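Please consult the sequence and the three-dimensional view below before reading on.

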Amino acid sequence: MTEQEFKSVVARKIAYYRKLEGITQGQLAEILNYSDKSVSKWERGEGIPDAYVLSLIAEHFGVTLNDLTSVEEPKISGKFIKKREFVPYLSVGLVWLVAALVFFILEIIPVSIEREWLSFIYAVPVMFIVITVFSCLWYKNVARALSVSGIIWGVFVSLIVTFPLAKVAFFLIPCAIFQALVILWFYMMSRTSK
């Protein structure tokens, strides 16, 4: 492998792992106590960090030095897999915790609301908003389309339990149209990405 090919491999790997973690060049530079211009230079293949800095980068991303410097496809380390599994579940759990707290606070206060249970219904679209954020960060178009559909139908369910049944058709038509547009949008996105 030539020197320029080696620089190119390292540049691609640093950029890959940085984007996988979801941090900017400036954030990585701050972690390493370097300038963002240095990180940008490394990612363009115009320079290469010294061995010590490469080991710091590998340690930060939870990969080996060999993972950063070999021509093999980049591996997703356990650090990223755990993050992808844990953070969305924790965030969704927090949505339901807030819904439960709202429910119990409304139960405790002396004013009778009689529809405290709606806090759990309203948590459904909020949960799908959180899922949409993570699917846009880490997952493909199918997960994104499903999470956006969850928002649409979560809002629909929230509206039909809040308002009288006579207005269900009024909410159903826009939701169905919006769902069709979402399907069309993600279909077009999958076709253009090929």
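E46 has a relative accessibility of 47% and therefore counts as partly exposed; on this scale, buried is under 20% relative accessible area, exposed is over 50%, and partly exposed lies in between (1.4 Å probe, protein chains only). The side chain of E46 forms a salt bridge with that of R44, at 2.7 Å from N to O.

The model is predicted: local features need pLDDT of at least 70 and side-chain atom pairs count only at pLDDT 80 or more, whereas totals for chains, interfaces and linings use all residues. Residues are numbered from 1 along each chain as its sequence is written, and side-chain values use heavy atoms, with hydrogens and water left out.

**Salt bridges**

A salt bridge is taken as a side-chain nitrogen of Lys or Arg within 4 Å of a carboxyl oxygen of Asp or Glu. By this rule the count is three.

| Pair | N to O distance |
|---|---|
| K7 and E3 | 3.6 Å |
| R18 and E43 | 2.5 Å |
| R44 and E46 | 2.7 Å |

R18 belongs to helix α1 and E43 to helix α3 (residues 36–44), so this pair ties together parts that are 25 residues apart in sequence. Both R18 and E43 are buried. K7 and E3 are four residues apart in helix α1, and are therefore separated by about one helical turn. K7 counts as buried because its relative accessibility is 17%, while E3, at 58%, counts as exposed.

Helices here (H or I, at least four residues) are DSSP runs, numbered from the N terminus.

**Packing of α1 and α4**

Helix α1 (residues 3–21) packs with helix α4 (residues 51–61) at an angle of about 30°, and their axes are 11 Å apart. The axes are lines fitted to C-alpha atoms over the stretch in contact, with angles from 0 to 180 degrees between N-to-C directions. In this contact (heavy atoms within 4.5 Å), V10, I14, Y17, R18 and E21 of α1 meet L54, I57, H60 and F61 of α4. These residues comprise six nonpolar, one polar and two charged; Ala, Val, Leu, Ile, Met, Phe, Trp, Tyr, Cys and Pro count as nonpolar, Asp, Glu, Lys and Arg as charged, and the others, Gly among them, as polar.

**Helix α9**

Helix α9 (residues 168–192) has 25 residues. Its buried residues include V168, F171, C175, Q179, V182 and F186. The buried residues of α9 pack against α8 (141–162).

Conventions: Helix = DSSP H or I, 4+ residues; strand = E, 2+ residues; numbered from the N terminus. Expected span 1.5 Å × (residues − 1).
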